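User: Hi! I'm new to this one and would like a friendly tour. Could you put it up on the screen and start with any term I'll need?

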Amino acid sequence: MRNLTLYHANVTLTPLDAAYVIISNMTCMASICGCLVTVLLYLMYPDIRTTARKLLLCLSVANFLQSISGILQAAVYFKTLQFPDERNYLCSSAALTSVIGHMSSALWTCAVTVYIFLFFSLRATVFANRMVYIFYVFCFGVPVLIALQARISDVYGYDVTDILYFDHPAICWISDRVSNTLQWCFITIEGWVIATYFICLILFVVINCSLYCQSARKTKGMSPVSSSEDMIEEMTIQTAARQLRYVPFIYCMLRVWGTAHFLFTEYPTKRHLRAFDWLLVIRAFGDNLQGFANFVLFCVTTAKIRRMVARNARRLCACWCAWCQRQQRRLAEEKWMPRPIVRMRRSMVRVGSGRRSIDGSDLDISGISLELPSATPEELEEVKYAEDEVLFER
């Protein structure tokens, strides 16, 4: 086992290296959020759970793992300035998730492309639906097996040549202590990615040509539709084809920068490694934005999902506004509500220098007479005459 702390090199983080680390983290977080929203929308709305979108959901899971590996690789790229042990937990987990994520993303992109070709171009619906079970086993099983085999073979590590002789940080993938480094690079990631380019581009051209021919025949009336149900099915097929056929195109346009950086830095020599740092920055965008691009394709370009999300968003806003109004009304009622009078019971109150009881038990009323004053007969006669005069005046 090599101890990198015994070596000495003047490795510094250039502005392009810092840009690579920052952009990788930002794009990976955007893709992680996009993948999570895609999975959440698929689980929330049963109406959109078609077979094609199920494949796109599996591709989002692969892109999620790929984004996690991008964050770990950015941390490894920064940590290599301190020459850590290449068999540490961070390096091993970054290499393992990177192999599984990148291989799964490439294989699931091929699976979506093959499904579109079988279902929309050849109209082999039954055969395309049966192929889905094979996609599950192959697209998730093969990456896991290859990643574990590479881990058992102990090929994960840094490229010490980049760090010591070119003063360049490195990611944790295939160590240069392995005799067949390039072979392992092609077996783990790049070989599958390059094969995906050829398969996706060829099938992408065939799918677009078949859709163009079908549209031309429909315009000329050469393929009449027998009933309204067939017309609705035809429109559904054309809409799904227009959306999903861009999945392989997006993958090739985003992932090709990482392959170009790999080829330019590995062949023929690494003499001009720093000259391709601009490709490294573009690679930070391309390798990590696939999950976010699929989210846009799944959620933004689908009119049905847009209507569902907009309707639920309006309901949520209405519920929030109603709750806020109830809270404001409750606060206003509490503010202007009269306060209850609190009566305090005290047995004694202080008056002057002494104490008196509130119930008046200690009051002396012996000198007060409760009898009414008596009147003489003359006074009573005058009162009677006065009352008669008042009645006469009325």
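This is a predicted model: local features need pLDDT of at least 70, side-chain atom pairs count only at pLDDT 80 or more; totals for chains, interfaces and linings use all residues.

User: Thanks! How many helices and strands does the chain have?

Analyst: There are twelve helices and four strands in the chain. Helices (H or I, at least four residues) and strands (E, at least two) are DSSP runs, numbered from the N terminus.

User: And what share of the chain's residues count as buried?

Analyst: The chain has 394 residues, and 39% of them count as buried. As for contacts, meaning heavy atoms within 4.5 Å, take those between residues at least 6 apart in sequence: 77% of them join residues at least 24 apart.

User: Now cysteines. How many disulfides does a search of the whole structure find?

Analyst: The search turns up one disulfide, a term for a pair of cysteine sulfur atoms within 2.5 Å. Its partners are Cys91 and Cys172, with an S to S distance of 1.6 Å.

User: Where do Cys91 and Cys172 lie?

Analyst: Cys91 belongs to helix α3 (residues 89-121), and Cys172 to the loop between α5 (160-164) and β2 (173-174), so the pair ties together parts that are 81 residues apart in sequence.

User: Which hand does the disulfide have, and why?

Analyst: It is right-handed, because the torsion about the S-S bond of Cys91 and Cys172 is about 60°.

User: Is Cys91 buried or exposed?

Analyst: Cys91 is buried, because its relative accessible area is 0%. Cys172 also counts as buried, at 0% relative accessibility.

User: What about Cys317, which is in no disulfide?

Analyst: For Cys317, the nearest cysteine sulfur is that of Cys321, 6.4 Å away. Cys317 has a relative accessible area of 47%, so it is partly exposed. Cys324 is in no disulfide either, and its nearest cysteine sulfur, again that of Cys321, is 6.4 Å away. With 22% relative accessibility, Cys324 counts as partly exposed.

User: Switching to helices: how is a packed pair described?

Analyst: Two packed helices are described by the angle between their axes and the distance between the axes. Here, axes are lines fitted to C-alpha atoms, for helices over the stretch in contact, and angles run from 0 to 180 degrees between N-to-C directions.

User: At what angle do α8 and α10 pack?

Analyst: Helix α8 (residues 246-266) and helix α10 (residues 290-300) pack at about 155°, and their axes are 10 Å apart. The two are therefore roughly antiparallel to each other; angles under 35 degrees count as roughly parallel, over 145 as roughly antiparallel, 65 to 115 as roughly perpendicular and the rest as oblique.

User: Which residues make that contact?

Analyst: From α8 come Val247, Ile250, Tyr251, Leu254 and Arg255, and from α10 Gln290, Ala293, Asn294 and Leu297.

User: How does α1 pack with α10?

Analyst: Helix α1 (residues 15-44) and α10 pack at an angle of about 35°, with their axes 7 Å apart. Residues in this contact include Gly34 and Leu41 of α1, and Phe292 and Phe295 of α10.

User: Back to α3. Is Thr113 buried or exposed?

Analyst: Thr113, which is in helix α3, counts as buried at 0% relative accessibility. Setting aside neighbours within four places in sequence, Thr113 is in contact with Cys200, Leu203, Ile207 and Pro248. The C-alpha atoms of Thr113 and Ile199 are separated by 8.3 Å, and these residues are 86 apart along the chain.

User: Last one: what is the phi of Arg123?

Analyst: Phi of Arg123 is near 60°, a positive value in a residue other than glycine. Most residues other than glycine have a negative phi. Arg123 sits in the loop between α3 and α4 (125-152) and is partly exposed, with a relative accessible area of 34%. Asp154 likewise has a positive phi near 60°, and its place is in the loop between α4 and β1 (156-157).

Terms used. Residues are numbered from 1 along each chain as its sequence is written. Side-chain values use heavy atoms; hydrogens and water are left out. Buried means under 20% relative accessible area, exposed over 50%, partly exposed in between (1.4 Å probe, protein chains only).
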